[in-house]
Amino acid sequence: MALPLQPVQTAHKRAIKPLRDAAAWVFDLDNTLYPSTIDLFSQIDERMRGYISTFLGLDLDDAYKLQKQYFHEFGTSLRGLMNNHDIDPALFLEHVHDIDVSVLSPSPALEAALTALPGRKIIFTNASVHHAERVLNQLGVGHHFADIFDIIEAEYRPKPEPEIYENVVTRFGLDPHATVMVEDMARNLAPAAALGMTTVWIRTSPEHGAHGANFDCIDHVVDDLPAWLGAVVDGEI
(Lines give C-alpha, C1' and ligand atoms only; values in the text may rest on other atoms or scores of the structure.)
Protein backbone atom coordinates (compact mmCIF):
# COMPACT_ATOMS: atom_id res chain seq x y z
CA MET A 1 0.00 0.00 0.00
CA ALA A 2 1.27 3.47 -0.88
CA LEU A 3 1.06 5.69 2.17
CA PRO A 4 -1.07 8.84 1.91
CA LEU A 5 0.78 12.11 1.64
CA GLN A 6 0.73 14.41 4.60
CA PRO A 7 -2.35 16.64 4.79
CA VAL A 8 -2.05 20.02 3.12
CA GLN A 9 -2.68 22.76 5.66
CA THR A 10 -5.02 25.11 3.83
CA ALA A 11 -6.00 28.68 4.55
CA HIS A 12 -9.74 28.14 4.08
CA LYS A 13 -10.26 25.98 7.17
CA ARG A 14 -8.78 23.61 9.70
CA ALA A 15 -9.18 19.96 8.69
CA ILE A 16 -11.07 17.65 11.05
CA LYS A 17 -8.71 15.91 13.49
CA PRO A 18 -9.03 13.04 14.05
CA LEU A 19 -11.05 12.22 10.96
CA ARG A 20 -13.00 9.48 12.73
CA ASP A 21 -14.84 12.34 14.49
CA ALA A 22 -16.45 13.45 11.20
CA ALA A 23 -20.24 13.48 11.33
CA ALA A 24 -20.67 12.78 7.62
CA TRP A 25 -18.73 11.40 4.66
CA VAL A 26 -19.59 12.40 1.10
CA PHE A 27 -18.14 9.98 -1.44
CA ASP A 28 -17.89 10.21 -5.19
CA LEU A 29 -18.63 6.92 -6.96
CA ASP A 30 -16.69 5.96 -10.08
CA ASN A 31 -12.91 5.60 -9.73
CA THR A 32 -13.30 6.50 -6.05
CA LEU A 33 -14.95 3.52 -4.36
CA TYR A 34 -13.08 1.16 -6.68
CA PRO A 35 -9.61 1.52 -8.25
CA SER A 36 -9.43 3.37 -11.55
CA THR A 37 -7.21 0.54 -12.85
CA ILE A 38 -10.36 -1.61 -13.16
CA ASP A 39 -11.24 0.77 -16.00
CA LEU A 40 -15.01 0.42 -15.72
CA PHE A 41 -15.36 3.94 -17.02
CA SER A 42 -13.88 2.99 -20.40
CA GLN A 43 -17.20 1.28 -21.16
CA ILE A 44 -19.08 4.50 -20.42
CA ASP A 45 -16.57 6.45 -22.49
CA GLU A 46 -17.11 4.16 -25.47
CA ARG A 47 -20.89 4.34 -25.23
CA MET A 48 -20.78 8.15 -24.94
CA ARG A 49 -18.62 8.40 -28.03
CA GLY A 50 -20.97 6.15 -30.00
CA TYR A 51 -24.06 8.05 -28.90
CA ILE A 52 -22.56 11.44 -29.76
CA SER A 53 -21.38 10.11 -33.12
CA THR A 54 -24.88 8.92 -34.04
CA PHE A 55 -26.71 11.91 -32.56
CA LEU A 56 -24.56 14.58 -34.24
CA GLY A 57 -23.51 12.65 -37.36
CA LEU A 58 -19.81 12.79 -36.50
CA ASP A 59 -17.15 10.18 -37.05
CA LEU A 60 -15.99 8.45 -33.88
CA ASP A 61 -12.76 10.44 -33.57
CA ASP A 62 -14.52 13.79 -33.80
CA ALA A 63 -17.23 12.59 -31.43
CA TYR A 64 -14.56 11.63 -28.89
CA LYS A 65 -12.83 15.02 -29.20
CA LEU A 66 -16.13 16.82 -28.63
CA GLN A 67 -16.96 14.54 -25.70
CA LYS A 68 -13.70 15.42 -23.95
CA GLN A 69 -13.95 19.10 -24.86
CA TYR A 70 -17.36 19.32 -23.24
CA PHE A 71 -16.22 17.36 -20.19
CA HIS A 72 -13.43 19.85 -19.49
CA GLU A 73 -15.55 22.88 -20.38
CA PHE A 74 -18.83 22.02 -18.66
CA GLY A 75 -17.99 19.41 -15.98
CA THR A 76 -19.72 16.60 -17.89
CA SER A 77 -20.05 15.83 -21.59
CA LEU A 78 -23.81 15.67 -21.04
CA ARG A 79 -24.01 19.28 -19.84
CA GLY A 80 -22.24 20.48 -22.98
CA LEU A 81 -24.53 18.41 -25.18
CA MET A 82 -27.59 19.80 -23.39
CA ASN A 83 -26.37 23.39 -23.67
CA ASN A 84 -25.27 23.25 -27.29
CA HIS A 85 -27.30 20.46 -28.94
CA ASP A 86 -30.54 20.11 -26.94
CA ILE A 87 -29.90 16.42 -26.24
CA ASP A 88 -32.39 14.44 -24.13
CA PRO A 89 -30.47 13.77 -20.88
CA ALA A 90 -32.61 10.81 -19.80
CA LEU A 91 -32.04 8.92 -23.06
CA PHE A 92 -28.34 9.75 -22.97
CA LEU A 93 -27.86 8.51 -19.41
CA GLU A 94 -29.87 5.36 -20.06
CA HIS A 95 -27.64 4.54 -23.01
CA VAL A 96 -24.22 5.35 -21.54
CA HIS A 97 -24.87 3.56 -18.23
CA ASP A 98 -25.95 0.33 -19.93
CA ILE A 99 -22.62 -1.31 -19.13
CA ASP A 100 -21.25 -4.56 -17.72
CA VAL A 101 -20.53 -3.94 -14.01
CA SER A 102 -19.43 -7.57 -13.50
CA VAL A 103 -15.84 -6.37 -14.06
CA LEU A 104 -16.14 -5.12 -10.48
CA SER A 105 -15.69 -7.62 -7.68
CA PRO A 106 -17.07 -7.40 -4.15
CA SER A 107 -14.55 -5.57 -2.00
CA PRO A 108 -14.20 -7.12 1.47
CA ALA A 109 -11.59 -4.49 2.37
CA LEU A 110 -13.92 -1.62 1.51
CA GLU A 111 -16.82 -3.35 3.26
CA ALA A 112 -14.77 -3.75 6.44
CA ALA A 113 -13.54 -0.15 6.33
CA LEU A 114 -17.02 1.31 5.81
CA THR A 115 -18.46 -0.93 8.54
CA ALA A 116 -15.93 0.39 11.04
CA LEU A 117 -16.08 4.01 9.89
CA PRO A 118 -18.36 6.18 12.08
CA GLY A 119 -20.53 8.86 10.54
CA ARG A 120 -23.26 9.15 7.95
CA LYS A 121 -22.26 8.14 4.42
CA ILE A 122 -23.62 9.71 1.23
CA ILE A 123 -22.88 9.26 -2.48
CA PHE A 124 -22.53 12.46 -4.54
CA THR A 125 -22.11 11.57 -8.22
CA ASN A 126 -22.34 13.06 -11.70
CA ALA A 127 -23.89 9.72 -12.74
CA SER A 128 -27.44 8.50 -12.13
CA VAL A 129 -28.92 6.78 -9.07
CA HIS A 130 -29.52 3.68 -11.19
CA HIS A 131 -25.85 3.48 -12.16
CA ALA A 132 -24.73 4.18 -8.60
CA GLU A 133 -26.94 1.44 -7.17
CA ARG A 134 -25.62 -1.10 -9.68
CA VAL A 135 -22.00 -0.24 -8.82
CA LEU A 136 -22.60 -0.21 -5.05
CA ASN A 137 -24.43 -3.54 -5.15
CA GLN A 138 -21.68 -5.11 -7.25
CA LEU A 139 -19.09 -3.92 -4.73
CA GLY A 140 -21.28 -5.24 -1.90
CA VAL A 141 -21.34 -1.94 -0.01
CA GLY A 142 -24.66 -0.34 -0.94
CA HIS A 143 -26.14 -0.84 2.53
CA HIS A 144 -23.63 1.63 4.01
CA PHE A 145 -24.98 4.64 2.13
CA ALA A 146 -28.00 6.46 3.51
CA ASP A 147 -28.53 8.60 0.41
CA ILE A 148 -27.42 9.20 -3.18
CA PHE A 149 -27.35 12.69 -4.72
CA ASP A 150 -27.12 12.18 -8.48
CA ILE A 151 -26.97 14.26 -11.64
CA ILE A 152 -30.75 14.12 -12.04
CA GLU A 153 -31.42 15.52 -8.56
CA ALA A 154 -28.85 18.19 -9.43
CA GLU A 155 -31.04 19.09 -12.44
CA TYR A 156 -28.17 17.92 -14.67
CA ARG A 157 -25.80 20.57 -13.30
CA PRO A 158 -22.57 18.71 -12.57
CA LYS A 159 -19.77 18.98 -10.09
CA PRO A 160 -17.88 21.28 -9.73
CA GLU A 161 -20.71 23.85 -9.96
CA PRO A 162 -20.64 25.38 -6.43
CA GLU A 163 -24.42 25.71 -6.09
CA ILE A 164 -24.81 21.93 -6.31
CA TYR A 165 -22.61 21.47 -3.23
CA GLU A 166 -24.76 23.94 -1.35
CA ASN A 167 -27.79 21.92 -2.42
CA VAL A 168 -26.19 18.74 -1.04
CA VAL A 169 -25.50 20.44 2.29
CA THR A 170 -29.09 21.70 2.51
CA ARG A 171 -30.69 18.49 1.22
CA PHE A 172 -28.99 16.32 3.84
CA GLY A 173 -28.65 18.84 6.66
CA LEU A 174 -24.86 18.63 6.71
CA ASP A 175 -22.47 20.70 8.78
CA PRO A 176 -19.66 21.29 6.26
CA HIS A 177 -17.09 21.71 9.03
CA ALA A 178 -17.94 18.20 10.27
CA THR A 179 -18.05 16.66 6.78
CA VAL A 180 -15.39 14.92 4.67
CA MET A 181 -15.63 14.77 0.87
CA VAL A 182 -13.78 12.04 -1.06
CA GLU A 183 -13.22 12.41 -4.83
CA ASP A 184 -11.02 11.14 -7.66
CA MET A 185 -11.41 14.38 -9.67
CA ALA A 186 -9.32 16.89 -7.78
CA ARG A 187 -11.02 19.91 -9.34
CA ASN A 188 -14.32 18.78 -7.81
CA LEU A 189 -12.95 19.34 -4.31
CA ALA A 190 -12.55 23.12 -4.51
CA PRO A 191 -16.24 23.95 -3.87
CA ALA A 192 -16.31 21.49 -0.97
CA ALA A 193 -13.26 23.14 0.55
CA ALA A 194 -14.83 26.58 0.10
CA LEU A 195 -17.79 25.41 2.19
CA GLY A 196 -15.45 24.21 4.93
CA MET A 197 -15.41 20.47 4.23
CA THR A 198 -12.29 18.39 4.76
CA THR A 199 -11.21 17.16 1.33
CA VAL A 200 -9.67 13.87 0.20
CA TRP A 201 -8.33 13.26 -3.29
CA ILE A 202 -8.10 9.65 -4.50
CA ARG A 203 -5.06 9.79 -6.74
CA THR A 204 -5.75 7.80 -9.90
CA SER A 205 -3.37 6.12 -12.30
CA PRO A 206 -2.75 7.71 -14.71
CA GLU A 207 -3.44 10.93 -12.87
CA HIS A 208 -6.24 12.15 -15.16
CA GLY A 209 -8.02 13.26 -12.02
CA ALA A 210 -5.39 15.95 -11.43
CA HIS A 211 -6.62 18.05 -14.37
CA GLY A 212 -7.64 21.53 -13.28
CA ALA A 213 -6.78 20.85 -9.65
CA ASN A 214 -6.25 23.50 -6.99
CA PHE A 215 -4.09 21.54 -4.59
CA ASP A 216 -4.40 24.22 -1.92
CA CYS A 217 -7.97 22.93 -1.51
CA ILE A 218 -6.94 19.32 -0.84
CA ASP A 219 -6.27 18.14 2.71
CA HIS A 220 -5.39 14.49 2.07
CA VAL A 221 -4.05 12.60 -0.97
CA VAL A 222 -4.78 8.87 -0.94
CA ASP A 223 -3.76 5.91 -3.11
CA ASP A 224 -5.59 3.05 -1.38
CA LEU A 225 -9.02 4.06 -0.05
CA PRO A 226 -9.85 0.99 2.11
CA ALA A 227 -6.43 1.01 3.77
CA TRP A 228 -6.62 4.76 4.36
CA LEU A 229 -10.11 4.51 5.85
CA GLY A 230 -8.77 1.78 8.13
CA ALA A 231 -6.13 4.19 9.35
CA VAL A 232 -8.86 6.78 9.96
CA VAL A 233 -10.83 4.29 12.04
CA ASP A 234 -7.71 3.51 14.07
CA GLY A 235 -7.25 7.20 14.82
CA GLU A 236 -3.98 7.46 12.88
CA ILE A 237 -5.23 10.31 10.69
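How many nonpolar, polar and charged residues does the lining of the second largest pocket have, by class? Its lining has eleven nonpolar, eight polar and three charged residues, where Ala, Val, Leu, Ile, Met, Phe, Trp, Tyr, Cys and Pro count as nonpolar, Asp, Glu, Lys and Arg as charged, and the others, Gly among them, as polar.

## Basis of the model

The model is predicted, with local features requiring pLDDT of at least 70 and side-chain atom pairs counting only at pLDDT 80 or more, whereas totals for chains, interfaces and linings use all residues. Residues are numbered from 1 along each chain as its sequence is written, and side-chain values use heavy atoms, with hydrogens and water left out.

## Overall form

The protein chain contains nine helices and six strands, these being DSSP runs numbered from the N terminus (H or I and at least four residues for helices, E and at least two for strands). Its radius of gyration is 17 Å, close to the 18 Å that the globule rule gives for 237 residues, so the chain is as compact as a globular protein of that length; the radius is taken over C-alpha atoms, and the rule is 2.2 Å times the number of residues to the power 0.38. Along the principal axes, the C-alpha trace spans about 55 × 35 × 30 Å.

## Pockets

The largest pocket holds about 890 Å³ of space. A pocket here is an open set of points on a 1 Å grid over the protein atoms alone, where a 1.4 Å probe fits and protein lies on both sides within 12 Å along at least five of seven lines, and lining residues have an atom within 4 Å of a point. Grid points are joined across faces, edges and corners, and the volume is the space filled by probe spheres set on them. Of the 37 residues that line the largest pocket, Asn-31, Phe-41, Phe-71, Met-185 and His-208 are the closest to its centre. At least two lining residues come from each of helix 1 (41-56), helix 2 (60-74), helix 3 (77-85) and helix 4 (89-96), and the lining as a whole divides into twelve nonpolar, 16 polar and nine charged residues.

The second largest pocket has a volume of about 280 Å³. Its lining comprises 22 residues, of which Tyr-34, Pro-35, Ser-36, Asp-223 and Leu-225 are the closest to the centre, while helix 5 (108-116) and helix 9 (225-233) each supply at least two.

## Helix packing

The axes of helix 2 and helix 3 come within 7 Å and cross at roughly 95°, which makes helix 2 roughly perpendicular to helix 3. Axes are lines fitted to C-alpha atoms, for helices over the stretch in contact, with angles from 0 to 180 degrees between N-to-C directions; angles under 35 degrees count as roughly parallel, over 145 as roughly antiparallel, 65 to 115 as roughly perpendicular and the rest as oblique. The contact (heavy atoms within 4.5 Å) includes Leu-66, Tyr-70 and Phe-74 of helix 2 together with Arg-79, Leu-81 and Asn-84 of helix 3. By class, this contact has five nonpolar, six polar and one charged residues.

The axes of helix 1 and helix 3 come within 12 Å and cross at roughly 10°, making helix 1 roughly parallel to helix 3. Met-48, Ile-52, Phe-55 and Leu-56 of helix 1 meet Ser-77, Leu-81 and His-85 of helix 3, a contact with five nonpolar, two polar and no charged residues.

## Backbone exceptions

Most residues other than glycine have a negative phi, and most peptide bonds are trans. A cis peptide bond joins Lys-17 and Pro-18, with omega about -15°, and Pro-18 is placed in the segment before strand 1 (24-27). Another cis peptide bond joins Lys-159 and Pro-160, with omega about 10°; Pro-160 lies in the loop between strand 3 (147-149) and helix 7 (162-172). Asp-86, found in the loop between helix 3 and helix 4, has a positive phi near 55°.
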